[in-house]
Structure formats: C-alpha cells, structure tokens
Amino acid sequence: MTVRLFIFGKDSLYDTFHTISDVMFFCQTLATVEVLNAAFGMVRTGVIPTFIQVVGRNFILFVIFGTLDEMHNRPVVFFVFYLWSAIEIFRYPFYMLGCFGTEWKTLTWLRYTVWIPLYPLGVLAEAFAVIQAIPIFDKKQLFSVPVPKALGSSLSFSYVLQGYLILMFLGLFINFRHLYKQRKRRFRTKKRKAN
Ligand SMILES: CCCCCCCCCCCCC/C=C/C(=O)SCCNC(=O)CCNC(=O)[C@H](O)C(C)(C)COP(=O)(O)OP(=O)(O)OC[C@H]1O[C@@H](n2cnc3c(N)ncnc32)[C@H](O)[C@@H]1OP(=O)(O)O
C-alpha cells in the first residue's frame with residue numbers, strides 16, 4: 001500500500017479494496033486461529049481481547065466492506081487497511097522471534113508501543129466506515145428484518161450499526177487496557193531481569 005501510494009499518489013486511496021481485499025480476506029480469515037490459540041492456552045493471552053480484535057476487524061471487512069459495493073472506492077478503506085496492517089509489521093515478526101526463543105529489543109519496543117497511536121486511530125477509521133455505511137444500508141434495506149405492519153414495514157440494519165458504534169468504543173477501552181497491561185508486564189519483567 002505504501003509503494004502504491006508513492007507510485008499512484010492520491011489515486012491509490014480509491015482502489016485499495018480492489019487491489020488488497022483478497023489478501024485481507026485471506027489474512028483475516030486466518031486471524032480467527034488467534035482466538036483458538038488463546039482459547040486452548042497455546043499463547044499467554046486472554047480470549048476476550050483476541051475475540052474483540054478478530055470480530056471487530058472481520059465485522060468491518062466482511063459486513064461493511066464485503067457486502068457494500070458502494071464502499072469499495074472510498075478512501076476510508078485505505079486508512080482502515082493501513083492502520084490494521086501497520087501494527088502487524090512489528091507484531092508477527094515479534095511472535096516469530098519469540099517462537100525461536102529470541103528477541104530484538106527495538107522490535108519488542110515497537111510491538112508494545114506502536115499500538116498506542118494506532119489503536120484509537122484504527123477504531124476511529126472503522127467508526128467513519130460504519131457511519132458512511134449507515135445510509136447505504138438504509139437505502140438498500142440490506143439485512144433489514146420484516147416486522148408486523150403496526151410497527152412499520154421493516155427494522156433497518158442501521159440500528160444494529162448504531163449499537164455497534166457504541167460497542168466499538170467499549171471494545172477499544174477493553175483492548176487498550178489489555179495492551180497497556182501487556183506492555184507494563186513486558187517492560188517490568190525486562191527491568192527485573194536487568195537488575
Ligand atoms: C463482547 C464483544 C463483542 C465484539 C464487539 C466488537 C467490537 C470491536 C471493537 C474494537 C475493534 C478493534 C478492531 C481493530 C482495530 C485495529 O487493529 S487498529 C490497529 C492497531 N491494532 C493493534 O495494535 C492491535 C493488534 N492486535 C493485538 O495486539 C492482539 O490482537 C491483541 C489480542 C489485542 C493483544 O495481543 P496479545 O496476544 O494479548 O498480546 P501479546 O503480548 O502480543 O502476546 C501475549 C503472549 O502470547 C504470545 N503470542 C501471541 N500470539 C502469538 C502467536 N501467534 N505466535 C506466537 N506467540 C504468540 C506472545 O509472544 C506473548 O508471549 P510472552 O512473550 O511469553 O508473553
């Protein structure tokens with residue numbers, strides 16, 4: 001995405017979905033394994049933060065971007081994908097080194113620091129995507145549920161999205177706190193080992 005941004009400039013913001021989405025669908029489908037890793041105790045992490053992380057991203061990718069063609073050419077796709085991917089450049093190599101029982105201090109610092117600006121920005125970008133999608137879902141009546149005539153003709157999916165906007169900030173709070181604790185645990189252990 002960075003290379004495309006340098007080559008095509010602003011134009012690259014509008015075709016991110018068409019060029020990157022297959023890779024994103026593939027990676028985010030594989031990311032569900034992270035929840036299983038946590039659930040079966042394969043890694044030292046909580047199931048809830050991992051679940052929030054994976055469900056949060058997959059909801060945006062599969063429901064908001066995946067089902068609405070109208071979202072595909074919007075720059076918000078670029079920002080969401082870019083912010084999601086930026087942390088993974090440090091996170092997965094950090095895990096890989098961990099599997100070999102080795103560590104590169106700069107990488108560890110980046111893994112436990114870069115999320116501080118990225119997480120709120122990521123959730124903000126996702127919230128923009130949801131807000132942009134609400135009128136489209138309303139117009140198309142996609143996923144709307146038919147209700148008895150006395151209550152109107154149908155219950156729009158946009159109500160679910162409005163509720164989801166609140167859940168997002170709750171999720172942000174839970175995961176921000178989790179990552180903060182992981183950061184403290186990591187650097188406290190390191191300091192103790194150094195003494
Ligand atoms: C009720 C809820 C309903 C759902 C509602 C949904 C609402 C959605 C709201 C929020 C949506 C957010 C969507 C996401 C947005 C973004 O991504 S924005 C961009 C920035 N994002 C980030 O920075 C987050 C990146 N993700 C993560 O950090 C994780 O997914 C995490 C779960 C949030 C935290 O990771 P965690 O595993 O807990 O911490 P670590 O310290 O890294 O790891 C702990 C130990 O486990 C080892 N480990 C983990 N995974 C692996 C692995 N795959 N392979 C090998 N080892 C692994 C790791 O090495 C650590 O081990 P120790 O070193 O022994 O401690």
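This is a predicted model: local features need pLDDT of at least 70, side-chain atom pairs count only at pLDDT 80 or more; totals for chains, interfaces and linings use all residues.
Colleague: What share of the 195 residues of the protein chain counts as buried, and what makes a residue buried?

Modeller: 18% of the 195 residues count as buried. Residues are numbered from 1 along each chain as its sequence is written.

Colleague: Which residues of α5 are buried?

Modeller: Val76, Val77, Phe78, Val80, Phe81, Trp84 and Phe90 of α5 are buried. Helices are DSSP runs of H or I with at least four residues, and strands are runs of E with at least two, numbered from the N terminus.

Colleague: How do you know that α5 bends, and where?

Modeller: The bend is the angle between axes fitted to the seven residues ending at a residue and the seven starting there. For α5 that angle is about 35 degrees at Glu88.

Colleague: Why are α3 and α4 called roughly antiparallel?

Modeller: Helix α3 (residues 32-39) and α4 pack at about 170 degrees, with axes 9 Å apart. Angles run from 0 to 180 degrees between N-to-C directions, and axes are lines fitted to C-alpha atoms over the stretch in contact. Angles over 145 degrees count as roughly antiparallel, so α3 and α4 are roughly antiparallel to each other.

Definitions and conventions. A residue is buried if 20 or more other C-beta atoms lie within 10 Å of its own, exposed if 12 or fewer, and partly exposed in between; C-beta atoms are placed from the backbone. Angles under 35 degrees count as roughly parallel, over 145 as roughly antiparallel, 65 to 115 as roughly perpendicular and the rest as oblique.
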